[in-house]
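Hi everyone, thanks for coming. Have a look at it first.

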Amino acid sequence: MGLMITPQYVVGEVENIRRMKSDDEIAHSAEDGLFIEVLEAIANGECSDPQGCAREAIITRDIEFARWCA
């Protein structure tokens, strides 16, 4: 079992993504990474509050930067 993910941790990661928003590619990659990290933590029972972590993670959708895939 890995480290326990908390909503507070996710809030910090969302703020990191907010700071990256001027670089679309980096911000989009970080957003995808956060979503995967949260989903894996939930699936593995490593999230202290699954609903809270998910709620905080999707806040990134409100951050304006281009999202695209090649």
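Let's start in the middle. The largest nonpolar core has 13 residues, and those with the most contacts inside it are Val10, Ile17, Leu34, Val38 and Cys53. By nonpolar core I mean a set of buried Ala, Val, Leu, Ile, Met, Phe, Trp, Tyr and Cys residues joined through side-chain atoms within 4.5 Å. Buried means under 20% relative accessible area, exposed means over 50%, and partly exposed is in between, using a 1.4 Å probe and protein chains only.

Where do the core residues come from? At least two are supplied by each of α1 (7-20), α2 (24-43) and α3 (50-57). The largest share, four residues, comes from α2. Those helix names come from DSSP runs, numbered from the N terminus: helices are H or I with at least four residues, and strands are E with at least two.

Before I go further, a word on the source: this is a predicted model, where local features need pLDDT of at least 70 and side-chain atom pairs count only at pLDDT 80 or more, while totals for chains, interfaces and linings use all residues. Residues are numbered from 1 along each chain as its sequence is written, and side-chain values use heavy atoms, with hydrogens and water left out.

Now pick out Val10. Not counting residues up to four places away in sequence, Val10 touches Ile5, Leu34, Val38, Cys53, Glu56 and Ala57; contact here means heavy atoms within 4.5 Å.

On to how the helices pack. Two packed helices are described by the angle between their axes and the distance between the axes. The axes are lines fitted to C-alpha atoms, for helices over the stretch in contact, and angles run from 0 to 180 degrees between N-to-C directions.

α1 and α3 pack at about 10 degrees, with axes 8 Å apart, so they are roughly parallel to each other. The cut-offs are under 35 degrees for roughly parallel, over 145 for roughly antiparallel, 65 to 115 for roughly perpendicular, and oblique for the rest. Pro7, Val10, Val11 and Val14 of α1 make this contact with Gly52, Cys53, Glu56 and Ala57 of α3. By class, that is six nonpolar residues, one polar and one charged. Here Ala, Val, Leu, Ile, Met, Phe, Trp, Tyr, Cys and Pro count as nonpolar, Asp, Glu, Lys and Arg as charged, and the others, Gly among them, as polar.

What about α2 and α3? Their angle is about 175 degrees and their axes are 10 Å apart, so these two are roughly antiparallel. From α2, Leu34, Phe35, Val38 and Ile42 meet Pro50, Cys53, Ala54 and Ala57 of α3. This contact has eight nonpolar residues, with no polar and no charged ones.

His28 sits in α2 and is buried at 12% relative accessibility. Leaving out residues up to four places away in sequence, His28 touches Phe65, Ala66, Arg67, Trp68 and Cys69. Gly45 lies in the loop between α2 and α3 and is partly exposed, at 43%. Ile58, in the segment after α3, is exposed at 53%.
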